[in-house]
Amino acid sequence: MPVTAAQKSAIEDVIRALTSATSRRVKRRLADMFMELVDKESWPEYYEVIPQPRCINGVKANLAQNKYKDPLDAYQDLSLVFLNALYYNEPGSQISKDATTLKGILENEWRQRSVLPAPPTSAPSSSPQKVHAQKEHQERAAAQPTASKSPTAPQTQKSLSKTSAPSPMNVDTTPQGSSQPTEATAAKSPERPPSPDVEVDIGGTPEPEVVGHDGARDGESDEIVRQLEKGLPRWEGLADVGWAEDIDAGRMVDIVVTISKYRDESGNRLAVSLEAVPEETNIPDLSFNFPLSLRLVESRARMQYYETSQAFDKEMSQLFLKARRWYELGTEPYGNVLVLQRLYQALTSPNPPQPPYSSATRFAALPAGPGNAKPLHASEGENGVTTFRVSLKDRKIIDEIQYKGWTVRLADWLHLSNPDDPSRPIVGQVFKCYQSQDSQRKGQLGVSVSWYYRPEQTFHPASRQFWEKEVFKTSHFADHPIEDIIEKVACQFTARHLRGRPRPPFWYPGWPLYVCDSRYNDRDRIFVKIKNWNSCIPEEVRKKEEFMPIYPFERPVVPRSHPSPFVSGHKIKAPGGILDAPEKAEGEKAEPATATRKRPQRKAAAKAEADRAGSTKTVPTSNPVAAPAATPAYGYSSQAYTQYAQHIPPQEDRSIYAAAGGASALNNATVEELPSETARYFDRDPETNEVLWFAAPPVDIVHTPPPRHSLKYLAFLARKRKKAQDADGAMAVDEEAPSSKRQRMPPTVTEQLETLMKEHGLDQLPVS
């Protein structure tokens, strides 16, 4: 299949990840030795041994010139870059270690991008490992009949061996253009002669060196997640419920044409993103695999192929589902698809809009989304949207809502239309399903949801790290009509996310899955770690054991972490921004523009959050760059903060939680964090800054300190002191013993004059 624009962009992202990887200590770029081909004049034997030399710049050039007809061709060339280096160089050499690390990063980065096909599990057939293994096997097979007459096998081994080419160059000092064969490498003969019918995967999936966007996650953890999700039940697709009715054939054509020709306020035709999705695709975990495209639906509508409006409605919804899975969340094409889906859902609603079709909110029902919306009771403008509790006024509470193949119930998580940024749909949990009893919207169905903010919708220090797909619970509740519903998603508390994946029907492989660890207070702009997950979900399901059970992993798997989206080097338009962490820690935060009443400054909580951001996940470099003021980061470019993305090596966990066995041993135990107001009264470990806890109160016994010197040395000191005392005593025989009484004060001037007059007899002179 040809390489699409989305796949080409994803491959470029993979190459950027490879070229930006650095070593842990000296911050050396690992890919420098692999950017250019090996110098043929300096290393002629390299081209005799390596069947297909490759370099990263060559792959980039081929990709830019659209020479790849299949994404896996680019993956094969990138793999050959590192497999060639692994074969030619000694296993213990620095370049071999770098190649192993980069090969692991390549596999991990490639698998993370859903638009790219799954990479092969074995090395390419053109790799030197397989080529030489096959040659050696053939030569051994040919030598077997005459093995007793002549030593053919050793000669074969000798014929394949590479001439020794010592190179004193060190990997850190070699120029970038010198490429793979370095590190005092003596050429070697192939030492891995497996049978040709065995698939060989050289290098495996090692744990890469820590890169800015990658945390404690390793290849083994990825495999654990992959194996579990591979065995989970698959989603059967959209059900036959909640579909539109009374759509005649003419109306079907009008709807498809409207979707195809719609242009936004800038004049861009959004259907280009929908038309770019191939008619035939192989998207993992998609509930259907038949050909489907906007042009095909339009053709069928004109031919009156659809016998019922439900069939047309379902196929259009499947088209939007396919496009959502094709594009990556947060990209412009993904946002275009969601705008068209929201327009389609408005056109098929009981009260469709009238042409010309235009909307400042991208057809979303609410005027503002997370980060821009204000509470209703505190709003003086047009952005009053949310409340701090679920309203029951003028509405009938119902158990579930069926809409476009989805059955939405209490405590389900949803993607909802975001009027500010369609590419980042609102993440919300359903607290009530209702039918409006209001005179203006009587009979209309809707959901009351609790909003979860994304990292780019919050204000945070530049050094803060976020889990992959992390969201934050807020105190904002909003009412959405059913036309705002995009799809069902899932969200797990961190403790459960580490241990497994939700069971159906709460989540299926392929559905978006988020993780939540903290609450976010957008008025004070602080994060508070969630101590009790039950306090975040609807009261009706808090005590139910059947709510979101999990399929457990073999062992806890830590999600990846990544730096703030505002310091990732890419321009991003979002309502959040960067806070000045030092000022925040001291409580000198700026009052948010949305606040209408003064709240006490939570200095302790802010300081604890700043400590957590700086110590638990990352540590700023020795020369941190001062963060800008707490202003919205619209179009904000932040190259200056990339240094904050560096990780430190993992330290030993000395907490009680770890001593008890961790998450796997404690099962459903709740882990709570000691409030900063209490923690400040206790001593802290000077290395980890953690509160010191003891199993019992201190024992009131004075322990004699153990000797710090040997007995022989102590005896020598005693004899020395004794000799010094004896010598002092002999010298002080004729001297007065020091008086133990308090010494007298020195005489005054008057006393001194009187003494002098007495000595000279002047005190007896008569006074005239």
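Contact, as the word is used in these legends, means heavy atoms within 4.5 Å, and every view is taken from a predicted model.

**Figure 1. Overview of the protein chain.** The predicted model has 21 helices and 20 strands in its protein chain. Of the 768 residues in this chain, 45% are buried, and the accessible surface comes to about 41800 Å², with 51% of that area belonging to carbon and sulfur atoms. Among the contacts with a separation of 6 or more, 72% are accounted for by residues 24 or more positions apart.

**Figure 2. Helix α1 and the elements that cover it.** Helix α1, which runs through residues 5–20 and has 16 residues, reaches 22 Å from its first C-alpha to its last, close to the 22 Å expected at 1.5 Å a residue. The buried residues of this helix are Q7, A10, I11, V14, I15, A17, L18 and T19. The cover over these buried residues includes the helices α3 (56–64), α4 (71–88), α5 (94–112) and α12 (309–326).

**Figure 3. The largest nonpolar core and the surroundings of Y452.** The largest nonpolar core has 95 residues, of which L274, F312, W413, W451, Y452 and W533 touch the most other members. Helix α13 (residues 332–347) gives the largest share of this core, namely eight residues. Apart from this core lies another, of 32 residues, which has L30, A74, V81 and A99 among its members. Once the neighbours within four places in sequence are left aside, Y452 is in contact with W413, V427, Q429, Q457, V471, F472, K473, C491, C516, W533 and C536.

**Figure 4. K469 in the loop between β10 and β11.** K469 lies in the loop that runs between β10 (465–467) and β11 (470–481), and because its relative accessibility is 48%, it counts as partly exposed. Leaving aside its neighbours within four places in sequence, K469 is in contact with L513, Y514 and V515. Although K469 and Y514 are 45 residues apart along the chain, their C-alpha atoms are separated by 5.1 Å.

**Figure 5. A nonpolar patch on the surface.** The patch is formed by L674, Y681, F682 and W693, which together have about 450 Å² of accessible area. W693 is found in the loop between α19 (676–679) and α20 (711–731), and its relative accessibility of 48% is why W693 counts as partly exposed.

**Figure 6. Two cis peptide bonds.** Most residues other than glycine have a negative phi, and most peptide bonds are trans. The peptide bond from P355 to P356, by contrast, is cis, with omega near 0°, and P356 has its place in the loop between α13 and β1 (374–375). P504 and P505 are likewise joined by a cis peptide bond, for which omega is about 5°, and P505 is found in the loop between β13 (500–502) and β14 (513–521).

Figure 7. Q304 is not a glycine, yet it has a positive phi of about 55°, and it lies in the loop between α11 (294–302) and α12. With a relative accessibility of 59%, Q304 counts as exposed. D394, also a residue other than glycine, has a positive phi near 55° and is found in the loop between β2 (384–386) and β3 (395–398). Because its relative accessible area is 42%, D394 is partly exposed.

Technical notes:
Residues are numbered from 1 along each chain as its sequence is written. This is a predicted model: local features need pLDDT of at least 70, side-chain atom pairs count only at pLDDT 80 or more; totals for chains, interfaces and linings use all residues. Side-chain values use heavy atoms; hydrogens and water are left out. Helices (H or I, at least four residues) and strands (E, at least two) are DSSP runs, numbered from the N terminus. The expected span of a helix is 1.5 Å times one less than its number of residues. Buried means under 20% relative accessible area, exposed over 50%, partly exposed in between (1.4 Å probe, protein chains only). Patches are made of residues with over 30% relative accessible area and no salt bridge: like charges are joined within 9 Å, nonpolar side chains (Val, Leu, Ile, Met, Phe, Trp, Tyr) within 5 Å. Accessible areas come from the Shrake-Rupley method with a 1.4 Å probe; for residues, only the protein chains shown count as cover. A salt bridge is a side-chain nitrogen of Lys or Arg within 4 Å of a carboxyl oxygen of Asp or Glu. A nonpolar core is a set of buried Ala, Val, Leu, Ile, Met, Phe, Trp, Tyr and Cys residues joined through side-chain atoms within 4.5 Å.
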